[in-house]
Each structure stands twice: as structure tokens, then as C-alpha cells.
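Here is a friendly briefing to read with the model open beside you. Take it one topic at a time, and look up each residue as you meet it.

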Amino acid sequence: MNEQIKKLQQAIEPLQQQIINHKVYNVISNIDDLGVFMNYHIYAVWDFMSLLKSLQQNLTCTDVPWFPVGTANTRYLINEIVTGEESDVDSEGIRKSHFEMYLAAMQQCGAEPVDFLNFIAALKNTGDLTAAFNTTNVPDAARGFVEHTFDVINSGKSYLQAAVFTFGREDLIPYMFLSIVNDLNSKFPGQVSQFKYYLDRHIEVDGGHHSHLALEMTTELCGNDPQKWEEITAASVTALQKRIDLWDGIYNEIASSKVLAEG
């Protein structure tokens, strides 16, 4: 393994462990709790796609007339990931992006993403991320998460985007959370089956094939430049901290709702 990769992984390991062992998983005990989780997490699923497409724009030619950009290897790597993320197959064999699968899973379990869809509609109308946030009801933790992602996107640095995509956005799904979802699915198969499929597919595709492609892409873009490796380590640490902040926001909302219910 590349020595720089080892150093980076050592730097982010404590944060990854915080995510794996986060207290949010302990408070998800029913479908309503899962719905709160999904209504926060959908922002991360969506801006993951935005980060992915920014990489494709920077590493390939998406204009006409066409001219070769970068190396054929990085073009292959990003296009391979985009194909899987944008046009995978759902549980019924229908082509969908992972984002569309997630929305379908939310609708199945009754977690209607009203606030998120209002945000997306406002963003389409204005083209202004800040305006879309200010005119819709987006949770603070979700807003902070998305704003950091778009700071990385707007940096225009493909190696930075690749690193955050590879190390900062890897969804570390702990066994505890999978057990909770499996248990809910056994009790309510008609409401949670699509989310279970999404998680299973995510682990199979993103956690396996795509993670290796992304790692190779990041390594190639950084090369032997110590400044780039320093930058991507800092960016990956910040991205993982934003994920922890997002999880904190979910935990606080679920825990507060339980206190109110008991009162």
C-alpha cells in the first residue's frame, strides 16, 4: 500500500471509529426513528452525487467539441463509478440512481422528504445554494454538511474532490445499524425492504468495487506531491467531522422526540 495512503488512513481512523460507534444507532428503535434518520441522510446521498458529477466534469470532457482530458485511466475510473451510481438496478431490476432508490425507500417507509424536495425545488429555481437554504426548512446539521461538500466542489481541485469522495464520504455502515434495519424489515417488510436493499447494494457496490476505483483515482491524482497529500488529509478529516456533526443532529432530534413522547 502507498505510504501516503497509510498515513492518511491513520489520521482519519479515530473519526471513522466515532462514526461506527456513534450513539445515533442506539436511539433508532422504530420506523418513525428511521424516518428521521433518512430525512437527514438524504442530503448526504444527494450531495454525494453532486460531488461525483463534479469529478466527472473535471476528469473527462463533457463539452462539444470533444478533446481528451487528463489520462485515460482516470477517465475510466470516474466513468465506471458514475455508471454504477447513476444507473444501477433496484430490487425489481429497474434502472435507477442510488439517489432515486433512496427516495423510493423513504416513500415506502412513510418518511416523505417534504423539506428536502422543497429545498431541491428552490435550488432548481434559483441556482443559488444559500438562497435555497434560507427559504426552506433544512436542518442545520444537514446544511453544514452540504455546504462543506460544495466548498470542496467549488475549489475546482479534482484531487481534493477525489479524496473527499474516497475517504470523507465513505459510508461506514456498522453492524449495529444493519441489525436494526434487518430487524425492522422482519417486522415491517412492506415498509423497510427497499431501504434494506439500498444498504445491501451500497455495501456490495460502493464498499467494494467503487471504493477500490476511488482509491486508485485519488492516488493517481495526488501522485508524489506532498502538498496535495497534506491538503487531502485535512479535507478528509473535515469531511468526516461533518458526518459526525450530521449524526449528532439526527441523534438530538430523535432523542428529543422520545423525551417529549415519554412526557
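Pro 65 sits in the loop that links α3 and α4. This is a predicted model, and in it the peptide bond between Val 64 and Pro 65 is cis, with omega at about 0°. From that loop, we can move on to the helices on either side and then to a few single residues.

**How α3 packs against α4**

- Helix α3 covers residues 31–59 and helix α4 covers residues 72–86; their axes are 10 Å apart and the angle between them is about 150°.
- Because angles over 145 degrees count as roughly antiparallel, α3 is described as roughly antiparallel to α4.
- The two helices, α3 and α4, cross in a left-handed way.
- On the α3 side, the contact is made by Phe 48, Met 49, Leu 52, Lys 53, Leu 55, Gln 56 and Leu 59.
- On the α4 side, the partners are Arg 75, Ile 78, Asn 79, Ile 81, Val 82, Glu 85 and Glu 86.
- Sorted by class, this contact between α3 and α4 holds eight nonpolar, two polar and four charged residues.

**How α3 packs against α6**

- Helix α3 also meets helix α6 (residues 114–126): their axes come within 10 Å and cross at roughly 35°.
- From α3, the residues involved are Ile 42, Tyr 43 and Trp 46.
- They meet Asp 115, Phe 116, Phe 119, Ile 120 and Leu 123 of α6.
- The classes here are seven nonpolar residues, no polar ones and one charged one.

**Ser 97, a residue in a loop**

- Ser 97 is located in the loop between β2 (95–96) and α5 (98–108).
- Is Ser 97 buried or exposed? Its relative accessibility is 7%, so Ser 97 counts as buried.
- Setting aside residues up to four places away in sequence, Ser 97 touches Glu 85, Glu 86 and Ser 87.
- You have already met Glu 85 and Glu 86, as they are among the α4 residues in the contact with α3.

**Glu 220 in α11**

- Glu 220 belongs to helix α11, which spans residues 189–222.
- With a relative accessible area of 32%, Glu 220 is partly exposed.
- Which residues does Glu 220 contact, leaving aside its neighbours within four places in sequence? They are Thr 71, Asn 73 and Thr 74.
- Thr 166 is 54 residues from Glu 220 in sequence, and their C-alpha atoms are 13 Å apart in space.

**Trp 229 in α12**

- Trp 229 is part of helix α12, which runs over residues 226–262.
- The relative accessible area of Trp 229 is 2%, so this residue is buried.
- Beyond its neighbours within four places in sequence, Trp 229 is in contact with Asn 2, Gln 4, Ile 5, Leu 8, Thr 219, Cys 222 and Gly 223.
- Trp 229 and Thr 218 are eleven residues apart along the chain, and 9.7 Å separates their C-alpha atoms.

**Helix α8 and what follows**

- Helix α8 is made of 15 residues (140–154), and from first C-alpha to last it reaches 21 Å, close to the 21 Å expected at 1.5 Å a residue.
- The buried residues of α8 are Ala 141, Ala 142, Gly 144, Phe 145, Val 146, His 148, Thr 149, Phe 150, Val 152 and Ile 153.
- An α-helix has 3.6 residues a turn, so residues three or four places apart point the same way.
- Just after α8 comes Gly 156, whose phi is positive at about 75°.

Definitions and conventions:
Residues are numbered from 1 along each chain as its sequence is written. This is a predicted model: local features need pLDDT of at least 70, side-chain atom pairs count only at pLDDT 80 or more; totals for chains, interfaces and linings use all residues. Side-chain values use heavy atoms; hydrogens and water are left out. Helices (H or I, at least four residues) and strands (E, at least two) are DSSP runs, numbered from the N terminus. The expected span of a helix is 1.5 Å times one less than its number of residues. Buried means under 20% relative accessible area, exposed over 50%, partly exposed in between (1.4 Å probe, protein chains only). Axes are lines fitted to C-alpha atoms, for helices over the stretch in contact, and angles run from 0 to 180 degrees between N-to-C directions. Angles under 35 degrees count as roughly parallel, over 145 as roughly antiparallel, 65 to 115 as roughly perpendicular and the rest as oblique. A crossing is left-handed if the near helix is turned anticlockwise from the far one by less than a right angle, and right-handed if clockwise. Contact means heavy atoms within 4.5 Å. Ala, Val, Leu, Ile, Met, Phe, Trp, Tyr, Cys and Pro count as nonpolar, Asp, Glu, Lys and Arg as charged, and the others, Gly among them, as polar.
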